[in-house]
Amino acid sequence: MKDNLPRYTMRIDRPLLDRLHYIARYEGRTANKQLEYLVKRCIREFEKENGEITEDMIKEMYENQI
């Protein structure tokens with residue numbers, strides 16, 4: 001089954017990856033779902049302190065890339 005989810009390759013030191021896998025298993029998640037959880041938490045914390053990140057802000061960010 002094909003999905004439309006974007007793919008992102010991440011390079012990470014082995015000790016960090018091993019620890020991520022340990023925490024993910026402890027929490028009952030896959031490493032991928034643990035990363036998704038952490039990203040969502042990071043976004044919530046950022047937006048709590050700095051305000052919502054809007055689609056216009058994201059569009060502007062991409063338009064200003066070189």
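Which residues gather in a patch of negative charge on the surface? Select E52, E55, D56, E60 and E63, and you have that patch. Patch members have over 30% relative accessible area and no salt bridge, with like charges joined within 9 Å. Asp and Glu count as negative here.

A quick note before moving on: this is a predicted model, where local features need pLDDT of at least 70, side-chain atom pairs count only at pLDDT 80 or more, and totals for chains, interfaces and linings use all residues. Numbering runs from 1 along each chain as its sequence is written, and side-chain values use heavy atoms, leaving out hydrogens and water.

Stay on E63, which sits in helix α3 (residues 55-63); helices are DSSP runs of H or I, at least four residues. E63 is exposed at 54% relative accessible area (exposed is over 50%, buried under 20%, partly exposed in between, 1.4 Å probe, protein chains only).

Next, the salt bridges: a side-chain nitrogen of Lys or Arg within 4 Å of a carboxyl oxygen of Asp or Glu. The count is six.

- Pick D3 and R7: their side chains form a salt bridge, 3.1 Å from N to O. D3 is partly exposed at 34%, while R7 is exposed at 67%.
- Pick E27 and R29: their closest N and O atoms are 3.9 Å apart in a salt bridge.
- Pick K33 and E36: this salt bridge has its closest N and O atoms 3.1 Å apart. The two are about one helical turn apart, because they lie three residues apart in helix α2 (residues 31-50).

Key
Patch = residues over 30% accessible without salt bridge, like charges linked within 9 Å, V, L, I, M, F, W, Y side chains within 5 Å. Areas by Shrake-Rupley, 256 points an atom, 1.4 Å probe, with all protein chains shown as cover. Charge placed at Lys NZ, Arg CZ, Asp CG, Glu CD.
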